[in-house]
Amino acid sequence: MEQMSLFENREQSAPLASRLRPERLEDFVGQEHLLGNGKMLRQLIERDQISSMIFWGPPGVGKTTLASIIAGRTKADFINFSAVTSGIKEIKEVMGKAEISRKMGVRTVLFIDEIHRFNKAQQDAFLPYVEKGSIVLIGATTENPSFEINAALLSRCKVFVLKALEENDIAKLLRHAIQSPSGFKNQNVQITDRQIAAIAAFANGDARTALNTLEMAVLNGEISAAGITVTDEGMEQCISRKSLLYDKTGEEHYNIISALHKSMRNSDPDAAVYWMERMLEGGENPLYIARRLIRFASEDIGMADSQALQVAVAAYQACHFNGMPECDVNLAHAVTYLAMAPKSNALYVACEETKADIRSGRVDPVPLQLRNAPTGLMKELNYGKGYEYAHDTEAKLTRMECLPEALAGKEYYRPAGEGAEELVKKRLDEIKAWKAE
């Protein structure tokens with residue numbers, strides 16, 4: 001009960017991150033590339049020339065706070081709107097109030113958190129009000145606006161990219177929280193620089209996570225007559241595992257799987273295992289990763305080491321049998337093998353070139369010599385005429401053309417000669433030389 005009493009007054013009842021939300025541009029931490037002296041966004045705010053805009057960035061970097069500061073700086077009504085809980089009806093109600101305010105000479109800044117969650121119809125509902133200036137729309141999204149925001153609405157908004165906060169920025173916020181009357185100044189909290197650095201590293205660029213973690217560390221601190229001391233034991237309970245940015249259906253999902261593929265392709269096992277673990281720590285299904293490894297084994301290694309495909313398939317089966325967390329080492333085994341294997345994309349190139357010819361050219365019929373003739377009529381139509389049975393020859397080869405006439409002589413598979421593919425290349429060259437005699 002004593003611990004709760006330290007935080008039970010009305011002023012301290014709100015979460016720490018909310019209590020410390022800055023109200024002035026001068027108190028905003030981070031985003032120097034946008035808000036530093038002379039930068040575009042700062043100039044627009046200071047000159048009161050803001051227009052509709054989209055803030056794109058990871059969680060906890062100040063998107064909502066910045067929108068609130070803009071509204072206060074420009075003396076406009078500020079409406080905080082959630083795309084999660086609102087529909088067309090709520091949009092029209094808010095727009096109606098904004099239109100009345102506009103006629104009275106008062107601007108409305110409409111901030112929409114997670115704007116990417118609105119569907120096309122909901123996003124379209126904002127267009128007329130943005131166009132005639134009833135509202136200044138500020139949307140916040142963690143997803144790529146190019147994919148998630150309607151083109152018509154996006155064309156009327158300036159996109160500003162907010163970056164994850166640096167660890168020194170987060171450490172600055174944490175020290176401010178300790179010293180601020182709205183934070184823990186009255187509790188006389190004792191915390192070391194090493195502990196602050198640990199929270200800043202754990203937060204992974206997210207100010208909200210950092211402040212929430214600090215709050216939990218203080219709540220779990222040792223209470224004495226002198227104040228509260230944050231202990232390493234209490235800290236361990238708060239930062240036992242990082243909350244990594246990873247949306248299994250969003251852009252970061254594709255960014256990290258791309259990083260895994262390209263690290264393996266570049267024969268970098270350290271980076272490959274790192275990106276694999278990033279996905280697992282973010283909650284990715286290990287079977288999805290295993291499926292991508294199976295694709296990689298044929299696309300980027302192929303005949304250079306045919307065992308790579310077997311290793312990848314075995315890793316999939318191991319993930320199925322073991323599940324998480326035990327199967328991470330099975331995936332690491334496969335990822336390392338694929339990274340270190342000789343590389344050849346000859347199979348991938350062959351597939352892409354054949355698909356291109358099939359899709360762009362005439363789809364010719366199967367040559368008669370390759371057709372079966374199970375009926376008399378088919379034999380009369382010359383099905384199977386000219387077929388040469390390779391096993392009947394000493395070389396186990398014939399000069400029979402197997403491609404359609406229009407593609408006769410076309411080469412799709414061109415082995416690179418890496419790893420075991422060197423033997424494949426030698427064999428293919430011998431076959432082509434024999435046929436050319």
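This is a predicted model: local features need pLDDT of at least 70, side-chain atom pairs count only at pLDDT 80 or more; totals for chains, interfaces and linings use all residues.

User: What makes F78 and F111 a stacked pair?

Analyst: Rings of Phe, Tyr and Trp (its six-membered ring) pair if their centres lie within 6.5 Å; planes under 30 degrees apart count as stacked, over 60 as edge-to-face and the rest as tilted. By this rule there are four aromatic pairs. For F78 and F111 the centres are 6.3 Å apart and the planes at 25°, so this pair is stacked. F78 lies in strand β2 (residues 77–82) and F111 in strand β3 (residues 108–113), so the pair ties together parts 33 residues apart in sequence. Strands (E, at least two residues) and helices (H or I, at least four) are DSSP runs, numbered from the N terminus.

User: Which label does F78 get: buried, exposed or partly exposed?

Analyst: The relative accessible area of F78 is 30%, so F78 is partly exposed.

User: How do you know which residues T64 touches?

Analyst: Contact means heavy atoms within 4.5 Å. Not counting residues up to four places away in sequence, T64 touches R21, N80 and F111. T64 lies in helix α5 (residues 63–73), and with a relative accessible area of 18% T64 is buried.

User: What makes β6 and β7 edge strands?

Analyst: Two strands pair if DSSP finds at least two bridges between them. The open sheet has three strands in the order β6-β8-β7, with mixed pairing. β6 (189–190) and β7 (222–224) each have a single partner strand, so one side of each is left without a neighbour in the sheet. Two bridges join β6 to β8 (residues 227–229), and these strands run parallel.

User: Why does the charged end of R399 count as sitting over the ring of W434?

Analyst: The rule asks for NZ of Lys or CZ of Arg within 6 Å of the ring centre and within 35 degrees of the ring normal. The charged end of R399 sits over the ring of W434, 3.9 Å from its centre. The charged end of R371 likewise sits over the ring of Y383, 4.8 Å from its centre.

Note on methods
Residues are numbered from 1 along each chain as its sequence is written. Side-chain values use heavy atoms; hydrogens and water are left out. Buried means under 20% relative accessible area, exposed over 50%, partly exposed in between (1.4 Å probe, protein chains only).
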